[in-house]
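Time to look things up and jot down what I find.

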Amino acid sequence: MTMVRLGDGSRSESSAKSLAQVYKRRLLHTRRKGIETLGLERAVQILDRYDQAVRLGQVKAADGAWTFMPYLAEDGGALVACTGVRQSE
């Protein structure tokens, strides 16, 4: 079963720039460890330039092989960026 979680907007959401800093460190970590990612570098670039709050989501693949992180506009009406990270076995 695929698991999906999205921020519901009921609490203050994260600034895109602060998330860019967090995911910049994760990008360095995944590169050092040789972990496969999809769109992580691009997501960091987009979030670093985005000047509004974002909602963070999480989608786990049914087989558990990948976790995807969609970053949505604060109102949930648009996708700002998305990244995927292969999960270790």
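My entries follow, from the overall layout down to the pocket.

**Ground rules**

I'm working with a predicted model, where local features need pLDDT of at least 70 and side-chain atom pairs count only at pLDDT 80 or more, while totals for chains, interfaces and linings use all residues. I number residues from 1 along each chain as its sequence is written, and side-chain values use heavy atoms, with hydrogens and water left out.

**Overall layout**

I looked up the secondary structure and got two helices and six strands. Helices (H or I, at least four residues) and strands (E, at least two) are DSSP runs, numbered from the N terminus. Going along the sequence, I read the pattern β-β-α-β-α-β-β-β.

Next I checked burial: 34% of the 89 residues in the chain are buried.

Then I looked at contacts, meaning heavy atoms within 4.5 Å. Of the contacts in the chain with a separation of 6 or more, 50% come from residues 24 or more positions apart.

**Which strands pair?**

I call two strands paired if DSSP finds at least two bridges between them. Here is my list.

- S2 (residues 14-15) and S4 pair antiparallel over two bridges, and in S4 the partner of Ser14 is Val54.
- S4 and S5 are antiparallel too, with five bridges. I noted Arg55 with Leu72 in S5, and Val59 opposite Phe68 in S5.
- S5 and S6 run antiparallel and are joined by seven bridges. Trp66 stands opposite Arg86 in S6, and Leu72 stands opposite Leu79 in S6.
- S3 (residues 37-38) and S6 (residues 79-86) run antiparallel with two bridges, and Thr37 faces Val85 in S6.

I also peeked at the turns. The hairpin of S4 and S5 has five residues between the strands, and Gly64 in the turn has a positive phi of about 75°. The hairpin of S5 and S6 has five residues between its strands as well, and there Gly76 takes a positive phi near 80°.

How much of S5 is buried? I found that seven of its eight residues are, so S5 is largely enclosed by the rest of the structure.

**Helix H2**

Which residues of H2 are buried? In this helix (residues 40-49), I wrote down Leu40, Ala43, Val44, Ile46 and Leu47. Seen down the axis of H2, these buried residues fall within an arc of 170°, so they line one face of the helix. The arc is taken from the directions from the helix axis to the C-beta atoms. A reminder from class: an α-helix has 3.6 residues a turn, so residues three or four places apart point the same way. The buried residues of H2 pack against H1, S3, S4, S5 and S6.

**A stop at Leu38**

I picked Leu38, which sits in strand S3. Is Leu38 buried or partly exposed? At 42% relative accessibility, Leu38 counts as partly exposed. Leaving aside neighbours within four places in sequence, Leu38 is in contact with Trp66, Phe68, Cys82, Thr83 and Gly84. Leu38 and Phe68 are 30 residues apart along the chain, and I read 8.7 Å between their C-alpha atoms.

**The largest pocket**

Last, I went looking for pockets. On a 1 Å grid over the protein atoms alone, a pocket is an open set of points where a 1.4 Å probe fits, with protein on both sides within 12 Å along at least five of seven lines; lining residues have an atom within 4 Å of a point. The largest pocket holds about 240 Å³ of space, where volume is the space filled by probe spheres set on the points.

Its lining includes Tyr23, Arg26, His29, Thr30, Gln58, Lys60, Thr67 and Met69. Helix H1 (16-33), strand S4 (53-60) and strand S5 (66-73) are the elements that give two or more residues to the lining. H1 gives the most, with four residues.

Key:
Buried means under 20% relative accessible area, exposed over 50%, partly exposed in between (1.4 Å probe, protein chains only).
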